[in-house]
Amino acid sequence: MLNAPNDDHILVLGIGNILWADEGFGVRAVEDFHRRYAVPDNVTILDGGTQGLYLVNYLEDADRLLVFDAIDYGLPPGKLKLVRGDEVPRFTGAKKMSLHQTGFQEVISAADLLGRCPKHLVLIGCQPLDLEDWGGPLTASVRDQIAPAIELACKVLAEWGIEVKLRDTPLADSERLLANDIDHASYEMRPA
Amino acid sequence: MGIQTPNGFNLDNSGKRIVVDPVTRIEGHMRVEVNVDADNVIRNAVSTGTMWRGIEVILKNRDPRDAWAFTERICGVCTGTHALTSVRAVENALGITIPENANSIRNLMQLALQVHDHVVHFYHLHALDWVDVVSALSADPRATSTLAQSISSWPLSSPGYFKDLQTRLKKFVESGQLGPFKNGYWGSKAYRLPPEANLMAVAHYLEALDFQKEIVKIHTIFGGKNPHPNWLVGGVPCPINVDGTGAVGAINMERLNLISSIIDRIMEFNEMVYLPDVAAIGSFYKDWLYGGGISGQNVLAYGDVPEHANDYSAKNLKLPRGAIINGNLSEVLPVDHANPDEIQEFVVHSWYKYPDETKGLHPWDGITEPNYELGPNAKGTKTAIEQLDEGGKYSWIKAPRWKGHAMEVGPLARWVVGYAQNKAEFKDPVDKFLKDLDLPMSALFSTLGRTAARALESVWAGRQMRYFQDKLVANIKAGDSSTANVDKWKPESWPKEAKGFGFTEAPRGALAHWIKIKETKIDNYQCVVPTTWNGSPRDPQGNIGAFEASLMNTPMVNPEQPLEILRTIHSFDPCLACSTHVMSPDGQELAKVKVR
């Protein structure tokens, strides 16, 4: 894999709905990545939630895209899978792999149709266990995969020539990607 | 044979049953089952959201000042509207007022969301119910240019422009990746546009995709970030500093000028592309006036966009407020969110449990206890339903009613109420639209009318944005830079117990949140969302909701290709993400149509 030119714009995106248990994997992964790592200026870290077409412009601005998401591959719960390029599901003739309302593939297709899809795509997916526990936390098997997923992401970014730095101390609560009690720690403190 | 519903529909489920699951190109997951007669006319309609909600479970015992951040996550589309509704509910409960600038900024954000949602809905979720993408490939670019120039002075209309676009589209289709254009019943006789109109519409589909990014910049500027902008109980979180030397992210003149130029572009796109497109497409479908459902009888609008801050009475709201029942347009009835006898939710046909299901519950007293059981005549199993039994429980959506009536909400409802109130800004554009197409007033109550009302509203919203932007700038120039009131920020200043409600007009209809606060924490929190109104199942009296009613008596060209069902359901801009939650982890598949 070739190093990214220094001016390549890289988007690290987490998608999913934090209110639906393991559906929140992508957002929680990117939240933790942001909390623990400092990245160079040409890397944008984004909590995409379930925003669908709202995300097209972020994709357009990116040369390389790394996505965290909960993905149904029919694998055992908590299993991580990394897919690249054309493998990142872009054709929607078959069963949709993303579990979101608006398939993320449609966002990729839309960027493609505009002629401005990122040239390099990597998806780090995690097989969910529970998507029905409304308001529930990530299940342990999925939560345990956040750190390995971030490690994988660091490797991909290193392949692209991007150096990320482990922060000496993780970011304070007030500086996190998600605030107002929906950050991962506070969210999961709700009474069961 | 058949059952007569109290709201005037004759339901006959003896004919062939058609199941569409999921209805695609909507936010969320829904399923429709209909029975057609020997002539393929829909004689019974059953709509179900195969998901559930229960935000109160998550919000219980949280800080009310954070509720907006949770409700913002309910849905990927109404993000800001839910947040605004939430902060209004908390302010209502605690008696918190907001500064005039905060009111203008909130209106600008809400109106920007309206325009964004309407444009994206029409071009990206709904147009393909009217437009045949594959037919566009055989269009003559020169004739397309002539057509485009005959309906609008929009500059992107040369033969070369359409030719290039056609080439791009051809390449895209030939590569086998229909992408966003999948799930179409291309070639169906239910499509009526000539190839040139199809090509023009596809061009505008792409232009809208590009343009929608501009609109959301307004949220980034006022909300500090996007896709999840910040909101604040007591005002808005962005400080104003016109000299531009203050806090990072403050609103200065450069930002205000940027917003102003985006508003210009919004008005231009609405008036030169969106509305002319809807009128042009409408001219080919003007004898397809199905889909009215209950819109000609019962409509409900909460109203929104307050002229002045802190006054949510009907006369201060620029988007109309009121209810119309039994088609009586000469009387717009007042609506009271606090009256326990007005808005109530029923669950006799929903997968929830109430102590007494013959009665409805006002949202302040609402409960959400799942009870998933199928009626005795359902076919299949609980995990693989082949056919629902609408005589039993059949939806995760509750059935809200206003004084016992099933109501339609949304752009058409708002415009009908505005029309009935004789407000020129609503009445005149409707009359003009109908006159241009040579259609009678009754044509408004249709799928086409719903789609037209949304386009008219987008035009209206763009102009209102100009109004509030000017108002905001004038107020700042007069020396008022206040954007937040923190007098009651501290929980110590709150009463021991409080309750309140907040309402907005979300793009897809009337939205309200009800909150109860106890010892500074949330005790109960209920949302009644637009798709709950429109997509509701039957109530104990047997009234059918807006979706089901809208499908009744529609003839289908081919039941195997349920284009007419999708067209009408999509005209509501349904969003089940918030009314509902995924029941099956199967992911979404292409719409399966089963004829039984």
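B:C78 counts as buried because it has 27 C-beta neighbours inside 10 Å. A residue is buried if 20 or more other C-beta atoms lie within 10 Å of its own, exposed if 12 or fewer, and partly exposed in between, with C-beta atoms placed from the backbone. The model is predicted: local features need pLDDT of at least 70, side-chain atom pairs count only at pLDDT 80 or more, and totals for chains, interfaces and linings use all residues. Residues are numbered from 1 along each chain as its sequence is written, while chains are lettered from A and ligands numbered from 1 in the order in which they are written.

UniProt, in an unreviewed entry, lists B:C78 and B:C578 under "binding site". UniProt positions are given in the numbering used here, feature names are shortened, and annotations may be inferred rather than shown by experiment. B:C78 sits in the loop between α2 (67-71) and α3 of chain B. Helices (H or I, at least four residues) and strands (E, at least two) are DSSP runs, numbered from the N terminus.

In chain B, an open sheet holds three strands in the order β14-β15-β16, with antiparallel pairing. Two strands pair if DSSP finds at least two bridges between them. β14 (497-506) and β16 (521-528) of chain B are the edge strands; each has a single partner strand, so one side of each has no neighbour in the sheet. Neighbouring strands of this sheet are turned by 15 degrees against each other on average, direction ignored. Axes are lines fitted to C-alpha atoms, for helices over the stretch in contact, and angles run from 0 to 180 degrees between N-to-C directions.

Ten bridges link β14(B) to β15 (residues 509-518) of chain B in the antiparallel sense. B:E505 has B:A510 in β15(B) as its bridge partner. Helix α3 (residues 79-94) of chain B packs on this sheet and touches β14 and β15 of chain B; its direction makes about 145 degrees with that of β14(B). Contact between two residues means that their C-beta atoms, placed from the backbone, lie within 7 Å.

**The nonpolar cores**

A nonpolar core is a set of buried Ala, Val, Leu, Ile, Met, Phe, Trp, Tyr and Cys residues joined through C-beta atoms within 7 Å. The largest one has 212 residues, and A:L59 and B:L300 have the most contacts inside it. Helix α7 (residues 195-223) of chain B gives the most to this core, with 14 residues. Leaving aside neighbours within four places in sequence, B:L300 is in contact with B:A323, B:V335, B:W402, B:M407, B:V409, B:A413 and B:A510. Another core lies apart, with eight residues, including B:Y352, B:W396, B:I397 and B:A399.

**A hairpin in chain B**

In strand β5 (residues 42-49) of chain B, eight of the eight residues are buried, so this strand is largely enclosed by the rest of the structure. Strand β4 (residues 30-36) of chain B runs antiparallel to β5(B), joined by seven bridges. B:R31 stands opposite B:T48 in β5(B). The two strands form a hairpin with five residues between them, and B:N40 in the turn has a positive phi of about 65 degrees.

**Chain A**

Chain A has six helices and seven strands. Of its 192 residues, 53% are buried. Among contacts in chain A between residues at least 6 apart in sequence, 78% join residues at least 24 apart.

Five strands of chain A make an open sheet of mixed pairing in the order β3-β1-β4-β6-β5. β3 (43-49) and β5 of chain A are at the edges, each with a single partner strand, so one side of each is left without a neighbour in the sheet. The twist averages 15 degrees from one strand to the next. Helix α5 (residues 146-159) of chain A packs on the sheet, touching β1, β4, β5 and β6 of chain A; its direction makes about 165 degrees with that of β6(A).

Strand pairs in this sheet:

| Strand | Partner | Sense | Bridges |
|---|---|---|---|
| β1(A), residues 10-15 | β4(A) | parallel | five bridges |
| β4(A), residues 64-70 | β6(A) | parallel | seven bridges |
| β5(A), residues 80-84 | β6(A) | antiparallel | five bridges |

A:I10 stands opposite A:R64 in β4(A). In β6(A), A:I124 stands opposite A:F68 and is also the bridge partner of A:L82.

Strand β6 (residues 120-126) of chain A has seven of its seven residues buried. A:H120, A:V122, A:I124 and A:C126 are buried on one side, and A:L121, A:L123 and A:G125 on the other. In a regular strand the side chains alternate between the two faces of the sheet.
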